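Please read it alongside the sequence and the structure shown here.

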Amino acid sequence: MTSKILIVVHQKTSVAGHVGVLLEERGYTLDRRCPMIGHELPETLDDHAGVVVFGGPMSANDEHLDGIGAELKFMDTVLASDTPFFGICLGGQLLARALGAQVYLHDEGNVEVGYTKIHPTDLGRPYFEHSEHFYQWHKEGFEVPDGASLLATGTRFPNQAYLYGDNKLGIQFHPEITLEMIQRWTAGAAHRMELPGAQPKEAHIKGFEMFSESIDRWGRATLDWLGLDGSPRAVMDAAE
């Protein structure tokens with residue numbers, strides 16, 4: 001049995017945010033690795049109950065970077081395993097690329113930065129009963145991979161969430177966001193706030209006040225249906 005969750009981040013100071021808090025509340029240990037600074041990824045997932053790959057400033061098209069190249073290859077390990085996978089923003093884009101889909105810039109140079117409303121598909125409606133508003137911070141989007149199911153759409157970037165198989169989830173938005181992270185991102189990457197489609201910082205703060213509780217409920221429900229509920233049975237299933 002294992003209670004470790006593989007956490008893949010893309011900068012030295014990156015954190016797992018609220019998703020990490022929810023996982024630790026369920027009794028999981030976070031095995032944090034950053035391939036962009038040389039951390040190796042496991043050859044198998046036998047020792048992990050789940051994988052969460054977070055966002056970052058690089059692109060899923062940057063396979064010339066050692067870290068991104070290693071993560072794209074690691075997706076073969078993910079897809080060969082029954083271990084639950086949760087890909088957030090860049091994480092979802094990396095899985096999409098590994099499945100043969102394109103990751104692309106908006107054709108008019110628009111971004112999604114701030115809180116937006118997503119629109120569940122008929123198939124995705126049960127997965128979004130707790131929240132349809134989420135924090136966004138990206139300039140690229142993903143196509144829906146062949147064999148995957150589209151769960152939610154958006155206005156600027158049409159594909160917001162997809163499910164591949166039973167437990168491989170890719171999303172475009174950031175349910176891990178905390179108020180501290182918003183403060184850090186809007187200060188450290190202030191240039192993003194000037195791009196077309198970006199919301200002013202005040203809207204980010206207001207959005208957090210309005211939607212953080214419903215996003216928390218969405219996060220808990222999502223980890224449950226991915227099989228990351230912290231129960232001994234779920235942990236044992238992941239290890240078998």
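**Briefing on a predicted model**

Tyr115 is placed in strand 6, in what is a predicted model.

**Tyr115 and its surroundings**

- With a relative accessible area of 8%, Tyr115 falls under the 20% cut-off and is therefore buried.
- Setting aside neighbours within four places in sequence, Tyr115 is in contact with Phe134, Tyr135, Ile177, Ile182, Gln199, Ala203, His204, Gly207, Phe208, Phe211 and Ile215.

**Helix 4 against helix 5**

- The axes of helix 4 (residues 179–188) and helix 5 (residues 201–226) come within 10 Å of each other and cross at roughly 170°.
- Because angles over 145 degrees count as roughly antiparallel, helix 4 and helix 5 are described as roughly antiparallel to each other.
- On the helix 4 side the contact is made by Leu179, Ile182, Gln183 and Thr186, while helix 5 contributes Lys201, His204, Ile205 and Phe208.
- Sorted by class, the residues in this contact of helix 4 with helix 5 are 4 nonpolar, 3 polar and 1 charged.

**The two sides of helix 4**

- The residues Met181, Ile182, Trp185 and Thr186 of helix 4 are buried.
- Viewed down the axis of helix 4, these buried residues fall within an arc of 120°, so they line one face of the helix.
- The face of helix 4 turned away from that buried side carries Glu180, Ala187 and Gly188, which are exposed.
- Among the elements that cover the buried residues of helix 4 are helix 1 (17–25), strand 6 (112–117), strand 8 (133–138) and helix 5.

**Nonpolar cores**

- The largest nonpolar core has 44 residues, of which Leu23, Val52, Phe86 and Phe128 touch the most other members.
- Helix 5 supplies the largest share of this core, with 6 residues.
- A second, separate core of 24 residues has Leu95, Ala101, Phe142 and Tyr162 among its members.
- Apart from neighbours within four places in sequence, Leu23 is in contact with Ile5, Ile7, Tyr28, Leu30, Val52, Leu223 and Leu228.

Technical notes:
Residues are numbered from 1 along each chain as its sequence is written. This is a predicted model: local features need pLDDT of at least 70, side-chain atom pairs count only at pLDDT 80 or more; totals for chains, interfaces and linings use all residues. Side-chain values use heavy atoms; hydrogens and water are left out. Axes are lines fitted to C-alpha atoms, for helices over the stretch in contact, and angles run from 0 to 180 degrees between N-to-C directions. Helices (H or I, at least four residues) and strands (E, at least two) are DSSP runs, numbered from the N terminus. Angles under 35 degrees count as roughly parallel, over 145 as roughly antiparallel, 65 to 115 as roughly perpendicular and the rest as oblique. Contact means heavy atoms within 4.5 Å. Ala, Val, Leu, Ile, Met, Phe, Trp, Tyr, Cys and Pro count as nonpolar, Asp, Glu, Lys and Arg as charged, and the others, Gly among them, as polar. Buried means under 20% relative accessible area, exposed over 50%, partly exposed in between (1.4 Å probe, protein chains only). The arc is that of the directions from the helix axis to the C-beta atoms. A nonpolar core is a set of buried Ala, Val, Leu, Ile, Met, Phe, Trp, Tyr and Cys residues joined through side-chain atoms within 4.5 Å.
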